[in-house]
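Colleague: Can you walk me through this model? I'd like the confidence, then the fold, then the ligand site.

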Amino acid sequence: GLPARVRIHEVGPRDGLQNERAVVPVEVKADFIRRLAAAGLTTIEATSFVHPKWVPQLADAERLMELLRDPITEGPGALTNPAAPLAPDVRLPVLVPNERGLDRALALGVREVAVFGSATESFAKANLNRTVDESLAMFAPVVAKAKAEGLRVRGYLSMCFGDPWEGPVPVDQVVRVSRALLGLGCDELSLGDTIGVATPGHVTALLAALAGAGVGADRLAVHFHDTYGQALANTYAALRHGIAVVDASAGGLGGCPYAKSATGNLATEDLVWMLDGLGIETGVDLGLLTATSVWMAAHLGRPSPSRTVRALSHK
Ligand code: HMG
Ligand code: MG
């Protein structure tokens, strides 16, 4: 059966904005996150504490976390939407590749972090300048320290289906690295279709292989990019397999600067439209969310690629 409730892990401010050519002003990012929270999203991935030369779009991570902690309500940096305070239960995870990143996040009072590995050697090299096993070795002390500090830790695994350099990725390879990431102590593992090539049968096959290897749906999330228009169908396949945490990005923003041919994530609005129709609870107000994506699209100077955003905003 399908889950009664899905927790949406919103990645627009991180996965979305990391791939925008233009650097969005930090005040706009903070406002974006507040609006997403006001629309009912409870897990909003805010930014990454990575090397600023690798992802210049997120070089303002410190300032952003400060703004979210201490909102400016007066003067030139004032929020345009100060009436939308962050509820205390809103989780703001951030990406940290190494101990340097974790220490930067801890200094800002972050309570939830994510490490991000790859199922393929090519992407591990391109994204982390490491082999797969060297990246796992880099994450081990990060996860251990984060857990010791009482943080919640997510693991991402990229290129779970196809890789732009290596082609289709063998399921066994994905299972091996998944188990290794969970073995480090990650609370949750998000399976990434970084370049959006997966189809529902492949999703079902991977989830079945993981279940066979002792990795049940209760520890998994799915992270689909929509390059080939399959993200929603893939999500449905995952829901039928018991997955109840789904990553999505408001307005379908997104991509990955180190994976050619990656486009935006599954749009949160498209996901909510489907879940609403299935009677699956999310707590998200689709009207407020769509208005937020229309507002962000105006900042970025181009319309949202989400079909649901377009349909609801042209009524
Ligand atoms: P490296 O060049 O091998 O780094 O990069 P290093 O460990 O050799 O250190 C070199 C210098 O960088 C040192 O400075 C470090 O201090 C500094 P120096 O001593 O030379 O002056 N440094 C840092 N500075 C600030 N913050 C840090 C940090 N770490 C080192 N955290 C590294 C290795 C991992 C740092 C680099 O490859 C990197 O930052 N990669 C991040 C790439 C990235 O963010 N990609 C996008 C996110 S992944 C994604 O989008 C996929 C996902 O959505 C799922 C999916 O769709 O599949 C999650
Ligand atoms: Mg991604």
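Modeller: The model is predicted. Mean pLDDT for the chain is 93, and 92% of the residues reach 70 or more.

Colleague: What ipTM and pTM does the predictor give the complex?

Modeller: The ipTM is 0.98. The pTM is 0.95.

Colleague: OK, the fold. How many helices and strands does the chain have?

Modeller: There are 12 helices and 11 strands. The radius of gyration is 18 Å, close to the 20 Å from the globule rule for 315 residues, so the chain is as compact as a globular protein of that length. Along the principal axes, the C-alpha trace spans about 55 × 45 × 35 Å.

Colleague: What share of the chain is buried?

Modeller: Buried residues are 50% of the 315. As for contacts with a separation of 6 or more, 74% of them link residues 24 or more positions apart.

Colleague: What is the strand order in the nine-strand sheet?

Modeller: E2-E1-E11-E10-E9-E6-E5-E4-E3, an open sheet with parallel pairing. E2 (43-44) and E3 (47-48) stand at the edges. Each has a single partner strand, so one side of each is left without a neighbour in the sheet.

Colleague: Take E6. Which strands does E6 pair with, and over how many bridges?

Modeller: E5 (residues 112-118) pairs with E6 in the parallel sense over seven bridges. Four bridges join E6 to E9 (residues 188-193), also running parallel.

Colleague: Give me one residue pair for each. Which residue of E6 partners Ser-118, and which residue of E9 partners Tyr-156?

Modeller: Ser-118 has Ser-158 as its bridge partner in E6. Tyr-156 has Ser-190 in E9.

Colleague: Is E6 enclosed or open to the outside?

Modeller: It is largely enclosed by the rest of the structure, because six of its seven residues are buried.

Colleague: And what follows E6?

Modeller: Met-159 lies in the loop between E6 and E7 (162-163). Its phi is near 55 degrees, a positive value in a residue other than glycine. Most residues other than glycine have a negative phi.

Colleague: Is Met-159 buried or exposed?

Modeller: Met-159 is buried, with 28 other C-beta atoms within 10 Å.

Colleague: Where is Asn-129, and what is its phi?

Modeller: Asn-129 sits in the loop between H5 and H6 (132-148). Its phi is near 60 degrees, again positive in a residue other than glycine. Asn-129 counts as partly exposed, with 14 C-beta neighbours inside 10 Å.

Colleague: Now the ligand. How many residues surround ligand 1, and which are the closest?

Modeller: 26 residues surround ligand 1. The closest are Val-50, Gly-101, Ser-158, Gly-192 and Thr-194. Elements giving two or more residues to that shell are H4 (99-107), H5 (121-128) and E6 (152-158).

Colleague: Which element gives the largest share?

Modeller: H4, with three residues.

Colleague: What is the shell like by class?

Modeller: It has 11 nonpolar, 12 polar and three charged residues. Ser-158 links two of our topics: it is among the residues closest to ligand 1, and it is the bridge partner of Ser-118.

Colleague: Switching to helices. How many residues of H9 are buried?

Modeller: Seven of its 10, so H9 (residues 231-240) is mostly covered. Among the buried ones are Leu-232, Thr-235 and Leu-239.

Colleague: What do the buried residues of H9 pack against?

Modeller: They pack against E9, H8 (200-212), E10 (220-224), E11 and H10 (268-278). Just after H9, Gly-242 takes a positive phi of about 95 degrees.

Colleague: You mentioned E11. How does E11 pair with E1?

Modeller: E1 (residues 7-10) and E11 (residues 245-248) pair in the parallel sense over four bridges. Arg-7 has Val-245 as its bridge partner.

Colleague: Last one. Where is Leu-288, and what is it in contact with?

Modeller: Leu-288 is in H11 (residues 286-300). Leaving aside neighbours within four places in sequence, Leu-288 is in contact with Ala-38 and Ala-39. Leu-288 and Gly-40 are 248 residues apart in sequence, but 8.7 Å apart in space, C-alpha to C-alpha. Leu-288 counts as partly exposed, with 15 C-beta neighbours inside 10 Å.

Key:
Residues numbered from 1 in each chain as written. Chains lettered and ligands numbered in written order. Predicted model: local features only at pLDDT ≥ 70, side-chain atom pairs only at ≥ 80, totals over all residues. Near = placed C-beta within 6 Å. Nonpolar A, V, L, I, M, F, W, Y, C, P; charged D, E, K, R; others polar. Buried ≥ 20, exposed ≤ 12 C-beta atoms within 10 Å, placed from the backbone. Pairing = 2+ DSSP bridges. pLDDT = per-residue confidence, 0-100. Rg over C-alpha atoms; globule rule 2.2 N^0.38 Å. Contact = placed C-beta atoms within 7 Å.
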